[in-house]
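User: I am new to this structure and would like to learn how to read its backbone features. Please take them one at a time.

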Amino acid sequence: MKRAFIWAVAATMFLVFAASVLTIYGCYRIQKVILPDSHEVWLNTRTVIADGRILEGGQRVILDEPVEVNMLVPTGEDVTLENTKFIIEKIESGFSTLRPKQQLLYRVTSISMVVLPFVYSIIGIMLCAWWFYRRELSPPIQVLADATKHIREQDLDFMVDYNRNDELGRLCIAFEEMRQVLYNNNRQLWNMIEQRRILQASVAHDLRNPIAIVEGYVEYMQQCLADGNLNDEELRHTLSNLAITAKRLEYYTDYIRDLNAIEETETKYSVVQLPDFLRRATESFSFLAEQHSLEITYHSTISECQVKLDEQIFYRIVENIFSNAIRYAKSKVNFGYSLTDGMLMIIISDDGKGFSRTMLRKKNTFFYSEDKTGEHMGLGLTTSRVLSQKHGGSLELSNLTPSGASVTIKLAVNKVS
């Protein structure tokens with residue numbers, strides 16, 4: 001922008017200078033035409049011929065230049081230089097000798113020689129400022145104004161597009177980076193709000209059953225007491241069921257507290273060597289698989305590289321998904337790894353019956369589980385989903401063909417050069 005400003009000022013100065021020179025020169029030439037040249041004089045001749053007559057003539061000549069004298073001589077007369085007198089008279093070139101119209105024109109040209117260069121300068125400055133603003137300042141200012149309007153309206157789904165390598169161009173790039181940060185932060189905030197909303201809905205849904213059970217037993221005991229039919233055996237049975245339900249409510253409370261602690265967990269990255277790290281992690285689950293008479297298969301398409309990864313989050317997610325897989329697998333659990341565009345993909349699948357349609361439909365619901373015994377409340381999937389999101393990734397559930405469940409984990413990683 002500094003260079004463009006300098007070029008604009010230089011071009012304006014040149015045009016103003018050229019116009020001023022042409023104007024002054026033109027006015028000077030007009031004045032030269034109006035006023036006689038100070039070097040011009042009248043050359044008068046006076047000749048006395050033999051019969052005593054006098055012949056006179058005159059012509060305008062320029063001093064210091066050769067001149068040819070023209071004389072009118074009667075036919076048959078002999079004229080010699082001895083009888084001729086040359087008289088030089090200065091031509092009056094003053095302003096007062098001009099006619100009124102010539103005087104007006106002379107005054108106008110004199111004023112123009114002073115005023116017009118000043119007018120050219122004013123016009124040049126105005127045109128330079130207008131051109132510079134319209135070409136260099138107005139486009140980026142308009143882009144930034146539109147971006148500010150979008151942000152004021154809480155609309156971050158736009159792009160600051162101004163690709164010029166100058167001061168305002170770099171300002172627009174910085175503004176776009178700020179917008180991107182705001183957009184990412186806003187998206188993360190909305191994701192947290194959405195997750196919190198899902199959590200609240202899930203807790204309200206899952207707490208409804210044990211609360212209904214407690215209310216039912218309370219109403220049953222109140223009715224039995226009113227009828228006098230409550231014996232010791234029924235009382236012990238009812239209290240036992242109430243204790244089981246109360247314990248389940250306690251489990252929910254503990255799980256919610258643990259989930260809040262997980263959401264507040266900070267990611268701590270460390271450099272790991274791939275695929276060696278993944279192979280060792282898979283081998284560490286072999287002992288647990290042998291206890292359940294299961295086989296572990298391993299497949300990786302990752303070349304040798306180093307990436308930054310939170311090992312604790314990785315192990316916690318994989319352990320949760322693997323513990324679910326061994327409960328439903330028939331004979332084997334498969335681990336698949338790939339790395340694409342800075343995203344580590346982990347696919348853990350088994351040869352069990354797969355997820356039910358209800359489970360796939362409610363895959364974003366917290367604490368949902370297909371275990372009807374009440375011992376497993378779906379916290380493993382919930383924890384893994386929250387941790388994968390904290391690691392910049394996601395968790396998806398699907399079924400294999402013809403049977404089997406598959407969990408796809410994506411974690412954002414940074415390669416170390």
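Analyst: Proline 275 sits in the loop between strand E4 (270-274) and helix H5 (276-283); helices (H or I, at least four residues) and strands (E, at least two) are DSSP runs, numbered from the N terminus. This is a predicted model, in which local features need pLDDT of at least 70, side-chain atom pairs count only at pLDDT 80 or more, and totals for chains, interfaces and linings use all residues. Residues are numbered from 1 along each chain as its sequence is written, and side-chain values use heavy atoms, with hydrogens and water left out.

User: What kind of peptide bond joins leucine 274 and proline 275?

Analyst: Most peptide bonds are trans. The bond between leucine 274 and proline 275 is cis, with omega about 5 degrees. Another cis bond joins threonine 401 and proline 402, where omega is about 10 degrees. Proline 402 lies in the loop between strand E9 (394-399) and strand E10 (405-412).

User: Is aspartate 341 buried or exposed?

Analyst: Buried means under 20% relative accessible area, exposed over 50%, and partly exposed in between (1.4 Å probe, protein chains only). Aspartate 341 is exposed, at 79%. Glutamine 154 also counts as exposed, at 72% relative accessibility. Glutamine 154 has a positive phi near 60 degrees and lies in the loop between H2 and helix H3 (167-227).
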